[in-house]
Amino acid sequence: MKLSDLKKQLNNIQELTFVLPNGTNVPQHFHVTEVGQITKNFIDCGGTVRNEKTVNFQLWEAGDLDHRLEPKKLANIITLSEKILSVEDAEIEVEYQSTTIGKYGLEFNGDHFILTAKQTACLASDWCGSPSKKKKVNLAELSDEKQAYCAPGGGCC
């Protein structure tokens, strides 16, 4: 989800709810302790120089169980970050404390914001020789020609 999408959704909801990938809600008394833009410049394993920009939100829980962040207040914080920090309209990454600081993507399901699991990946798999995923084939559905090819010693494996 991009920042512009989040801002649109904030105008249409009455209550902020964030749901973790395991289906549990972030406690309602969370704080947004950071809004900013992160620029990451790096070289992948194939030698390609890359840069990424993300808008970063950090969610945090404190012992103040009566605290509630209203959608309008978060919209005001975003507007301030755009004005003062020149935060751009980029994909959002949410940080939230689990056993360590977890980084999540963000989606909206019509009612709640969903923290989505992020995965690492090789960005230059064609260069570094990392194995590509093998296509799963049902051997019973192969034609006679392909079955002969996939016989022992046929070179398919």
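## Basis of the model

Because the model is predicted, local features are reported only at pLDDT of at least 70 and side-chain atom pairs only at pLDDT 80 or more, while totals for chains, interfaces and linings use all residues. Residues are numbered from 1 along each chain as its sequence is written, and side-chain values use heavy atoms, with hydrogens and water left out.

## Overall composition

The secondary structure of the protein chain consists of 4 helices and 6 strands. Helices (H or I, at least four residues) and strands (E, at least two) are DSSP runs, numbered from the N terminus. Read from the N terminus on, the elements follow the order α-β-β-β-α-β-β-β-α-α.

Of the 157 residues in the protein chain, 31% are buried. Here, buried means under 20% relative accessible area, exposed means over 50%, and partly exposed lies in between (1.4 Å probe, protein chains only). The protein chain exposes about 10900 Å², and carbon and sulfur atoms supply 50% of that area. Accessible areas come from the Shrake-Rupley method with a 1.4 Å probe; for residues, only the protein chains shown count as cover. Among contacts in the protein chain with a separation of 6 or more, 63% are between residues 24 or more positions apart; a contact means heavy atoms within 4.5 Å.

## The sheet

The 6 strands form an open sheet in the order β1-β6-β5-β4-β3-β2, with mixed pairing. Its edge strands are β1 and β2, each of which pairs on one side only. Two strands pair if DSSP finds at least two bridges between them.

Valine 19 has isoleucine 114 in β6 as its bridge partner. Isoleucine 114 also stands opposite glutamate 107. Strand β5 (residues 101–108) and β6 are antiparallel and share 5 bridges, and tyrosine 104 is partnered by alanine 117 in β6. The hairpin of β5 and β6 has 4 residues between the strands, and glycine 110 there takes a positive phi near 105°.

Glutamine 37 has valine 55 in β3 as its bridge partner, and valine 55 is in turn partnered by isoleucine 92 in β4. Strands β3 and β4 run parallel and are joined by 5 bridges. In the hairpin of β2 and β3, which has 5 residues between the strands, glycine 47 takes a positive phi near 90°.

## Selected residues

Histidine 31 is placed in strand β2 (residues 30–43). Why does histidine 31 count as buried? Histidine 31 counts as buried because its relative accessibility is 19%. Its side chain makes a polar contact with the side chain of aspartate 64 at 2.9 Å. A polar contact is a pair of N or O atoms within 3.5 Å; within protein, one must be able to donate a hydrogen and the other to accept it, and residues adjacent in sequence count only if both atoms are side-chain atoms. Not counting residues up to four places away in sequence, histidine 31 touches Gln58, Leu59, Trp60, Ala62, Asp64 and His67.

Threonine 17 lies in the loop between α1 (3–10) and β1. Threonine 17 is buried, because its relative accessible area is 8%. Leaving aside neighbours within four places in sequence, threonine 17 is in contact with Asn25, His112 and Phe113. Glutamine 97, in strand β4, counts as partly exposed because its relative accessibility is 48%. Glutamine 97 and glutamate 61 are 36 residues apart in sequence and 8.6 Å apart in space, C-alpha to C-alpha. Serine 86 lies in the loop between α2 (71–85) and β4 (92–97), and its phi is near 55°, a positive value in a residue other than glycine.

## The largest pocket

The largest pocket holds about 570 Å³ of space and is lined by 17 residues, of which Lys40, Glu52, Thr54, Glu93 and Lys118 lie nearest its centre. The elements that give two or more residues to this lining are β2, β3 (49–61), β4 and β5.

On a 1 Å grid over the protein atoms alone, a pocket is an open set of points where a 1.4 Å probe fits, with protein on both sides within 12 Å along at least five of seven lines; lining residues have an atom within 4 Å of a point. Grid points are joined across faces, edges and corners, and a volume is the space filled by probe spheres set on the points.
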